[in-house]
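Here's a quick briefing to read alongside the model. Have the viewer open and follow along.

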Amino acid sequence: MSTTFLTVPSSASTGSRAATRIILPCLPESAGPNERDIFMAFIKSFREGPNRRMEVRLLTAIHRAADATDNSDAYVSRVLVDMGLMAPRLAYPGDFLDHVDATLLRDRPLRSVPPSYITLTQHWVAIGDEGSNLRNSATMPENRLHSFLATV
């Protein structure tokens, strides 16, 4: 089970979409102690956060959860995405976005893309998030990008 929020886009964003879907994570019963600590720190920070744009609240909660649990922002983001967190790209730290992009681009030789990354990318495409066209082509089998070696 997860919680879905609908937020009105900010005045800076343009487009025809009326709302952006944000889905909060759900703590699975099989979560270990580290994952539980991350989830609890994230939810606590999210609830206590100031009333700002939802994307900023999520990003701030991820940073605070990482600080509280002595983990990197990227690892906390990965754990939360594995638990079901779906939000626009703006809500995630840059190092996590770099990791997702790199993982999707090198899918062909490694075959190790987590299902949660593919689901997250499909979510970005569904909400019309900018910058998701490359990731969309990376997840489509007919348009799969290949890794390559650059020779100098």
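**Helix packing and aromatic pairs**

Helices α2 and α3 pack at an angle of about 110 degrees, and their axes are 9 Å apart. An axis here is a line fitted to C-alpha atoms, for helices over the stretch in contact, with angles running from 0 to 180 degrees between N-to-C directions. So α2 and α3 are roughly perpendicular to each other, on a scale where angles under 35 degrees count as roughly parallel, over 145 as roughly antiparallel, 65 to 115 as roughly perpendicular and the rest as oblique.

Bear in mind that this is a predicted model: local features need pLDDT of at least 70, side-chain atom pairs count only at pLDDT 80 or more, and totals for chains, interfaces and linings use all residues. Residues are numbered from 1 along each chain as its sequence is written, and side-chain values use heavy atoms, with hydrogens and water left out.

**The overall picture**

- The protein's secondary structure comes to seven helices and two strands; both kinds are DSSP runs numbered from the N terminus (helices H or I, at least four residues; strands E, at least two).
- Going from the N terminus, the order of elements is β-β-α-α-α-α-α-α-α.
- Out of 152 residues in the protein, 42% count as buried, where buried means under 20% relative accessible area, exposed over 50% and partly exposed in between (1.4 Å probe, protein chains only).
- Take the contacts in the protein with a separation of 6 or more: 53% of them come from residues 24 or more positions apart. Contact means heavy atoms within 4.5 Å.

**α2 against α3**

- On the α2 side the contact is made by Ile62, His63, Ala65, Ala66 and Thr69, and on the α3 side by Asp73, Val76, Ser77 and Leu80.
- Sorted by class, the contact of α2 with α3 has five nonpolar, three polar and one charged residues. For the classes, Ala, Val, Leu, Ile, Met, Phe, Trp, Tyr, Cys and Pro count as nonpolar, Asp, Glu, Lys and Arg as charged, and the others, Gly among them, as polar.
- Helix α2 covers residues 54-69, so to speak 16 residues, and reaches 22 Å from its first C-alpha to its last, close to the 22 Å expected at 1.5 Å a residue. That expected span is 1.5 Å times one less than the number of residues.
- Buried residues in α2 include Met54, Leu58, Ile62, Ala65, Ala66 and Thr69.

**α1 against α3**

- Helix α1 (residues 33-48) and helix α3 (residues 73-82) have axes that come within 10 Å and cross at roughly 95 degrees. That makes α1 roughly perpendicular to α3.
- The residues that meet are Asn34, Glu35, Ile38, Phe39 and Phe42 in α1 and Tyr75, Val76, Val79 and Leu80 in α3.
- By class, the α1 contact with α3 has seven nonpolar, one polar and one charged residues.

**α3 itself**

- Most of α3 is covered, with seven of its ten residues buried.
- Those buried in α3 are Asp73, Ala74, Val76, Ser77, Val79, Leu80 and Val81.
- The buried residues of α3 pack against α1, α2, α4 and α6.
- α3 is followed by glycine 84, which has a positive phi near 115 degrees.

**Aromatic pairs**

- Searching the whole structure turns up four aromatic pairs. Rings of Phe, Tyr and Trp (its six-membered ring) pair if their centres lie within 6.5 Å, and planes under 30 degrees apart count as stacked, over 60 as edge-to-face and the rest as tilted.
- Tyrosine 92 and tryptophan 124 make an edge-to-face pair, 6.1 Å centre to centre with 70 degrees between the planes.
- Tyrosine 92 sits in the loop between α3 and α4 and tryptophan 124 in helix α6 (residues 115-126), so the pair ties together parts 32 residues apart in sequence.
- Tyrosine 92 counts as buried at 3% relative accessibility, and tryptophan 124 counts as buried at 0%.
- Phenylalanine 96 and tyrosine 117 have ring centres 5.9 Å apart and planes at 90 degrees, so this pair is edge-to-face.
- That pair links distant parts of the chain, with phenylalanine 96 in helix α4 and tyrosine 117 in helix α6, 21 residues apart.
- Ring pairs link Tyr92, Phe96, Tyr117 and Trp124 into a cluster.
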